[in-house]
Amino acid sequence: MAIPQSFIQELLARADVVDIVGRYVQLKKGGANFMGLCPFHGEKSPSFSVSPSKQFYHCFGCGKNGNAISFLMEHGGMTFVEAVKDLAQQYGLQVPEDDVSPQERARAAQAREQQATLTSVLEKAGIAYIKHLRSAPRAIDYLKGRGLSGEIAKTFGLGYAPEGWRALASVFPDYNDALLVESGLVITGEPGEENAQGEAKRYDRFRDRIMFPIRNVKGECIGFGGRVLGDEKPKYLNSPETPVFSKGRELYGLFEARTALREHGYALVTEGYMDVVALAQLGFANAVATLGTACTPDHVQKLFRFTESVVFSFDGDSAGRRAARKALDAALPFATDVRTVKFLFLPQEHDPDSYIREHGQEGFAAYVAKAVPLSKFMLEAAAEGCDLDTAEGRAHMASNARPLWSLLPDGTLKRQLLAEIADQVLIDSRELLQIWQPAASAGGYKNNSGSRPSSKGQRPKTPEMSGGAPHFEDFSGNFADLHDEGAYAASLPALAGPASTSRSRPARRIAGRVLPASREDRVLRLMLTDPQSWDKLSGEEHVLLCELPAPHGPLFVWLESQLHEHGPQPWAALREGLREHPHEKHAIDQIAQLPEGIECDWNEVRSILDQLLKLKRQQEMVDLLPRVMTDPSARQRYEELSALLKTS
């Protein structure tokens with residue numbers, strides 16, 4: 001899907017980054033900007049600044065910076081297209097979809113409306129379950145018995161589905177509404193099970209259960225998990241697959257864990273709702289859980305939007321080992337050289353909840369630190385059931401290892417593992433690669449771990465197993481040439497500050513004040529950060545600025561055209577309009593050299609404009625002088641300029 005750059009610019013002009021960030025970060029006014037604790041790294045004193053004038057955020061601690069779109073991507077774990085659509089929906093804009101037919105566009109609009117309707121129905125049910133919990137002593141006692149506090153129950157929105165077949169009839173006036181079935185809240189009976197009135201039987205799916213709302217990364221309720229209070233079966237019951245919920249893509253607790261993932265530096269993947277809630281209460285708010293299904297590539301990809309390190313936690317029994325093996329298969333395509341995947345196997349008598357209660361927070365943290373790296377677990381999985389003391393056993397291991405190794409994305413880790421597999425099966429790594437990839441060139445991987453492979457002979461990446469960072473599958477690049485989701489944030493201009501990564505030469509400072517490179521740059525900085533100032537200028541000053549040599553003149557011409565076309569826009573929107581402008585870099589460098597919280601001084605700029613105008617008039621007088629005695633019009637203009645200089 002190609003999103004026009006003009007739409008991105010319009011969207012950022014309408015969006016308020018203070019409002020967007022303020023929904024997730026507590027902000028307080030501090031001078032011209034708003035300050036808060038950075039959501040991207042743990043800190044005790046606020047270093048996270050949000051500029052309402054520039055419509056940018058910047059952290060002086062970790063260096064994260066960007067606009068409203070990049071914030072939704074970084075903090076919400078969204079792709080670029082998802083962030084644009086989410087932001088557009090908030091401001092009542094329709095994302096252009098020029099490359100799809102009217103029929104497809106209509107279907108997409110209908111699907112969006114359906115999703116919004118279903119999430120509102122589920123939200124309403126969730127509120128009702130919370131109210132029921134307050135008046136259900138048996139459910140409250142159960143949660144207290146599991147060591148949960150009221151605060152943690154509130155954080156996760158825990159509730160209770162009361163006994164009875166049609167408790168939701170008191171929540172939804174029309175219990176026969178098809179939306180209740182479509183959302184998974186109500187079950188209809190099979191044909192032949194009609195009631196006395198000939199109507200299909202309808203009853204609540206969740207009855208007498210603790211309710212765990214499942215939220216997407218935007219915080220919308222998309223389904224529920226329900227746990228019995230005793231030992232009845234099934235112990236857990238999940239919402240069915242619906243248009244808004246797919247257990248193969250969603251992770252319980254991910255919305256609640258977003259900030260903790262960055263603070264802890266890793267995601268802890270467990271197998272149960274109660275594990276997530278109990279761990280969050282005892283200091284591990286970075287825990288998430290799969291929803292009654294094996295870990296999938298979609299799960300792993302979603303986690304890596306929030307963190308570069310994932311620890312899978314499993315029971316130490318055979319079922320836990322099988323689940324770990326499936327997680328290994330899902331994780332291998334995403335195991336790049338800059339990511340870490342580990343596997344934690346608890347003692348058979350424990351799950352994460354019971355282990356942390358018995359051994360405490362420090363004991364659990366120590367056990368997590370001993371988790372098995374992906375490389376080691378992959379080798380163990382390949383060697384399982386193989387007698388490495390025999391040629392047959394080693395050949396069997398090589399056969400087992402081949403499909404696992406092939407899933408890895410190209411990189412140093414893949415090359416090292418080839419050498420380690422070759423060492424264990426007692427064969428040269430170059431020969432092993434030739435066995436696995438007969439068509440590979442002889443100039444491929446050389447000898448074992450110390451060798452350096454060439455690009456020849458490497459197996460081409462298949463589309464479904466290419467690995468590496470996730471990319472925009474439905475984005476053609478009209479906005480920027482992006483190849484992964486981090487590229488959008490990287491394409492934003494770095495803001496000034498201790499952690500800035502701007503490549504611009506640092507501006508000179510006197511007494512803490514930045515000295516611009518030129519008078520023209522000072523005017524440009526003001527006009528880019530406060531475009532409304534353009535209207536304060538006279539027509540003569542407009543001409544003066546637009547006729548300046550490059551890069552300033554062309555940039556002022558561009559700015560004037562932007563004002564005519566879009567009206568005054570914040571810097572975040574202007575920055576998008578600058579893309580591919582010949583002098584884009586110069587404009588970005590000027591904004592990057594502005595310290596956060598320091599605004600340009602209009603009086604100083606007014607003085608500069610007066611100086612520039614005076615110089616221009618003096619030069620014009622010099623040019624007119626040879627014609628003053630012979631050309632009346634030149635003499636008249638000379639006298640006008642002389643009078644203007646005397647009054648300036």
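Guide: A salt bridge is a side-chain nitrogen of Lys or Arg within 4 Å of a carboxyl oxygen of Asp or Glu. This is a predicted model, in which local features need pLDDT of at least 70 and side-chain atom pairs count only at pLDDT 80 or more, while totals for chains, interfaces and linings use all residues. Residues are numbered from 1 along each chain as its sequence is written, and side-chain values use heavy atoms, with hydrogens and water left out.

Visitor: Which residues are linked with Arg146 in a network of salt bridges?

Guide: The side chains of Arg146 and Asp353 meet in a salt bridge, at 2.9 Å from N to O. This pair links distant parts of the chain, 207 residues apart, with Arg146 in the loop between helix H6 (137–145) and helix H7 (150–155) and Asp353 in helix H13 (residues 352–369). Helices (H or I, at least four residues) and strands (E, at least two) are DSSP runs, numbered from the N terminus. The residues linked in a network with Arg146 are Asp353 and Arg357.

Visitor: Is Asp353 buried or exposed?

Guide: Buried means under 20% relative accessible area, exposed over 50%, and partly exposed in between (1.4 Å probe, protein chains only). Asp353 has a relative accessible area of 4%, so Asp353 is buried.

Visitor: Which residue meets Glu541 in a salt bridge?

Guide: Glu541 belongs to helix H20 (residues 539–546), and its partner lies 65 residues apart in helix H24 (residues 602–624). Glu541 is buried, with a relative accessible area of 4%. At 2.0 Å from N to O, the side chain that meets Glu541 is that of Arg606.

Visitor: Why is helix H3 largely enclosed by the rest of the structure?

Guide: The buried residues of H3 include Ile69, Phe71, Leu72 and Met73. At the N-terminal end, Asn67 caps H3, with a side-chain oxygen 3.0 Å from the backbone nitrogen of Ile69. Just after H3, Gly77 takes a positive phi of about 65°. Helix H3 (residues 68–76) is largely enclosed because the number of its 9 residues that are buried is 8.

Visitor: What is the order of the strands in the open sheet of 4 strands?

Guide: Two strands pair if DSSP finds at least two bridges between them. E6 and strand E9 (residues 209–215) pair in the antiparallel sense over 3 bridges, and Tyr160 stands opposite Ile210 in E9. The pairing in this open sheet is antiparallel, and the order is E6-E9-E10-E11.

Visitor: Which are the edge strands?

Guide: Each edge strand pairs on one side only; they are strand E6 (159–161) and strand E11 (236–238).

Visitor: Which residue forms a salt bridge with Glu256?

Guide: The closest N and O atoms of this pair are 2.6 Å apart, and the partner of Glu256 is Arg215. The pair links distant parts of the chain, 41 residues apart: Glu256 lies in helix H9 (residues 254–264), and the partner in strand E9 is Arg215.

Visitor: Is His552 buried or exposed?

Guide: The place of His552 is in helix H21 (residues 552–566). Contact means heavy atoms within 4.5 Å. Not counting residues up to four places away in sequence, His552 touches residues including Glu520, Asp521 and His586. Its relative accessibility is 11%, so His552 counts as buried.

Definitions and conventions. Polar contact = N/O pair within 3.5 Å; in protein donor to acceptor, adjacent residues only side chain to side chain.
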